[in-house]
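Please look over the sequence and the structure shown here before reading on. The paragraphs that follow go through a few places in turn, and each can be found by its chain letter and residue number.

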Number of protein chains: 2
Amino acid sequence: MVGSLNGSSMDLIQNAEPLPEEIDPKAMPLDLNGESDGGRGGGGKSRQIVLGRNVHTSCFEISEPEDDDEVTGEREAYMAGVLARYRKSLLERTKHHLGYPYNLDFDYGALGQLQHFSINNLGDPFIESNYGVHSRQFEVGVLDWFARLWELERNEYWGYITNCGTEGNLHGILVGREVFPDGILYASKESHYSVFKAARMYRMDCVKVGTLMSGEIDCADFGSKLLLNKEKPAIINVNIGTTVKGAVDDLDMVIETLEKNGFKDRFYIHCDGALFGLMMPFVKRAPKVSFKKPIGSVSVSGHKFVGCPMPCGVQITRLKHINTLSSNVEYLASRDATIMGSRNGHAPLFLWNRCNAQ
Amino acid sequence: MVGSLNGSSMDLIQNAEPLPEEIDPKAMPLDLNGESDGGRGGGGKSRQIVLGRNVHTSCFEISEPEDDDEVTGEREAYMAGVLARYRKSLLERTKHHLGYPYNLDFDYGALGQLQHFSINNLGDPFIESNYGVHSRQFEVGVLDWFARLWELERNEYWGYITNCGTEGNLHGILVGREVFPDGILYASKESHYSVFKAARMYRMDCVKVGTLMSGEIDCADFGSKLLLNKEKPAIINVNIGTTVKGAVDDLDMVIETLEKNGFKDRFYIHCDGALFGLMMPFVKRAPKVSFKKPIGSVSVSGHKFVGCPMPCGVQITRLKHINTLSSNVEYLASRDATIMGSRNGHAPLFLWNRCNAQ
């Protein structure tokens with residue numbers, strides 16, 4: 001595992017720079033039917049979108065098919081041309097992701113033969129699905145690995161492979177709210193925006209906590225804000241690597257602050273390890289993420305550090321919290337404590353392969 | 001497009017039967033290190049999970065690596081063996097999905113060369129991302145196509161390619177709640193469970209409406225339930241194909257019921273087309289889904305009908321609703337009105353390819 005977390009993984013994140021060679025849609029035969037606007041009003045240019053360029057002007061349109069073989073041939077040539085140019089632009093872009101695409105190439109040997117299948121892990125990974133084409137057996141293997149990493153017994157955890165880091169945060173904070181329905185959400189102001197999005201989605205009161213110069217949560221400020229809301233339980237988002245500064249909140253001090261302010265057994269901690277969660281066990285002097293401490297859930301992003309070619313993440317929580325969730329009629333009816341329901345079944349295969357191979 | 005929606009697509013859904021040849025994990029050399037339990041407590045058997053077999057007993061474990069070339073060789077052989085057997089079981093399973101996997105094979109020709117790239121469409125598809133390896137230009141092409149299908153002008157819609165049908169429902173209902181914060185959610189009892197999950201997640205009052213024998217929403221019951229809550233706006237989930245019976249709610253009658261009970265301009269309709277949404281334009285006598293009617297959003301599932309090999313869906317809503325959403329500080333900070341943030345960048349390529357090629 002350690003071998004994979006070298007400098008090139010960091011380059012991956014830092015080198016998300018703009019494309020050197022932009023695709024030029026004007027160089028494409030966009031219009032097969034000879035109509036410049038396709039009768040669609042052409043209002044694209046007046047469209048107002050907050051921040052950034054209007055993607056309509058550079059997108060690849062879809063034309064309606066014709067009952068004409070010659071046109072069909074042209075269409076296929078057009079599509080192949082678009083895709084070939086797109087591939088070239090991807091090659092340009094990923095040149096700057098040192099190490100990363102090559103690792104993927106290497107792995108595809110074993111997994112390539114599975115790419116053709118439509119694999120979907122529907123619903124709870126621990127409940128048998130009647131949709132046959134799944135990869136739960138690999139998913140649970142990966143979850144066991146992460147539960148072991150974070151020191152939670154196999155019979156005491158629940159989790160699933162998410163579609164992305166954000167889904168992990170949405171899930172962890174939802175579990176916290178179900179455990180403490182009147183809890184207040186605390187998160188440092190450098191937390192990922194999905195944490196504040198969750199507060200709004202879930203209609204939770206949310207208190208922003210200040211940070212130190214390093215970007216870590218300021219526990220003095222946290223303590224004083226806790227005292228303003230002593231009567232309500234606390235749900236805390238702890239960052240294991242913030243998006244901007246990579247700061248790691250001091251988990252031990254967060255717990256100490258909660259306990260000394262009278263919140264013992266009245267708090268739920270979600271650890272957002274979207275960025276650094278996988279590195280932490282190997283970084284010295286950072287507080288260890290472990291379920292031996294009173295934390296409720298941990299999430300990480302799989303595609304950012306393990307080199308999975310599709311967005312995904314891992315979410316691990318305590319089984320007892322999910323049982324609380326499942327006692328609710330609506331959740332029980334769904335037999336599904338995940339957020340999304342459908343999950344890409346290829347992601348577990350990649351994670352399984354990476355975790356095994358490193 | 002019509003050509004792709006033949007009987008075999010239906011077989012896909014109905015043939016989600018159990019596997020003829022189950023993978024037997026006991027036939028695998030699961031334990032490379034000679035430890036039967038790996039020191040993990042082995043508590044798996046006592047684990048209580050609602051409904052269904054414990055997947056731990058059949059999952060593929062991940063073993064820790066050894067600094068030993070010979071063991072590494074064995075590990076590679078083991079992994080290759082597991083994946084080869086898994087592939088065989090997938091082939092068995094998908095034999096029953098008539099037509100479906102062959103369509104995929106056909107398409108892979110053009111798209112296969114892109115499989116190696118880690119493509120991620122982060123955030124709002126209409127806002128430029130600083131993550132270079134994306135497929136927004138294809139995504140917006142697909143969205144334009146669907147907006148046109150549902151008769152919404154290019155400068156009046158907003159949307160994105162979701163991770164699955166559930167995400168579309170979660171998004172549509174959230175938009176409805178943001179438009180009418182004190183609105184009550186109405187949904188027929190045969191609605192997909194994600195609708196009721198959304199109500200709980202978002203802390204919305206939810207009223208279940210009865211159905212006719214066909215599975216369609218019972219508008220008489222709907223009307224009487226509306227009258228019990230006349231003072232609050234209505235947010236309605238309309239099913240364009242229920243999960244169990246494939247019933248299509250009568251959209252026109254739902255709108256009529258709302259208007260004649262005094263809800264004019266005080267309702268938001270989300271159309272859940274997870275199953276049949278793509279077929280509807282081609283099915284006679286069903287009420288047409290169109291933004292020329294007073295609906296707020298439509299979602300469909302891409303992998304179920306268009307033959308996309310990963311879970312995905314399409315969500316289209318009115319731009320003015322997203323602008324309402326974006327005026328909120330938290331959402332603005334995120335510059336992202338999607339639910340998940342990260343999205344699989346291959347899905348737009350498949351959808352683009354399918355929509356263009358059919």
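Predicted model: local features only at pLDDT ≥ 70, side-chain atom pairs only at ≥ 80, totals over all residues.

Two packed helices are described by the angle between their axes together with the distance between the axes.

In chain B, helix H7, which covers residues 219-228, packs against helix H8, which covers residues 251-260, at an angle of about 30 degrees and with 10 Å between the two axes. Angles under 35 degrees count as roughly parallel, and H7(B) and H8(B) are therefore roughly parallel to each other. Their crossing is right-handed. From H7(B) the contact draws on Cys219(B), Phe222(B), Gly223(B) and Leu226(B), while H8(B) contributes Met253(B), Val254(B), Thr257(B) and Leu258(B). Sorted by class, the residues of this contact between H7(B) and H8(B) are 6 nonpolar and 2 polar, with no charged residues.

Where does the nonpolar packing of this model have the residues that touch the most other members? The largest nonpolar core has 176 residues, and within it Ile269(A) and Ile269(B) touch the most other members. In soluble globular proteins, nonpolar side chains tend to be buried together. Setting aside residues up to four places away in sequence, Ile269(B) touches Val254(B) and Leu258(B), and its other partners include Ile236(B), Val238(B), Leu251(B), Ile255(B) and Pro294(B). Val254(B) and Leu258(B) also belong to the H8(B) side of the contact with H7(B).

Turning to chain A, the secondary structure comes to 12 helices and 7 strands, and of its 358 residues 61% count as buried. Among the contacts in chain A with a separation of 6 or more, 72% are accounted for by residues 24 or more positions apart.

The C-alpha atom of Val314(A) is separated by 30 Å from that of Ser89(A), which is 225 residues apart from it along the chain.

Val179(A), by contrast, is found in helix H5 (residues 165-179) of chain A and is partly exposed, with a relative accessible area of 25%. Leaving aside neighbours within four places in sequence, Val179(A) is in contact with Tyr268(A) and His321(A). Between Val179(A) and Phe267(A) there are 9.2 Å in space, C-alpha to C-alpha, although the two are 88 residues apart in sequence.

Two loop residues close the walk. Asp265(A) is found in the loop between helix H8 (251-260) and strand S5 (267-273) of chain A, where its phi is near 60 degrees, a positive value in a residue other than glycine. With 65% relative accessibility, Asp265(A) counts as exposed. In chain B, Glu151(B) lies in the loop between helix H4 (136-149) and strand S1 (157-162), and phi of Glu151(B) is likewise near 60 degrees, a positive value in a residue other than glycine. Glu151(B), at 26% relative accessibility, counts as partly exposed.

Notes: Residues numbered from 1 in each chain as written. Chains lettered and ligands numbered in written order. Heavy atoms only, no water. Axes fitted to C-alpha atoms, helices over the stretch in contact; angles between N-to-C directions. Helix = DSSP H or I, 4+ residues; strand = E, 2+ residues; numbered from the N terminus. Parallel < 35°, antiparallel > 145°, perpendicular 65-115°, else oblique. Left-handed = near helix turned anticlockwise from the far one by under 90°. Contact = heavy atoms within 4.5 Å. Nonpolar A, V, L, I, M, F, W, Y, C, P; charged D, E, K, R; others polar. Core = buried A, V, L, I, M, F, W, Y, C linked by side-chain atoms within 4.5 Å. Buried < 20%, exposed > 50% of the residue type's maximum accessible area, 1.4 Å probe, protein only.
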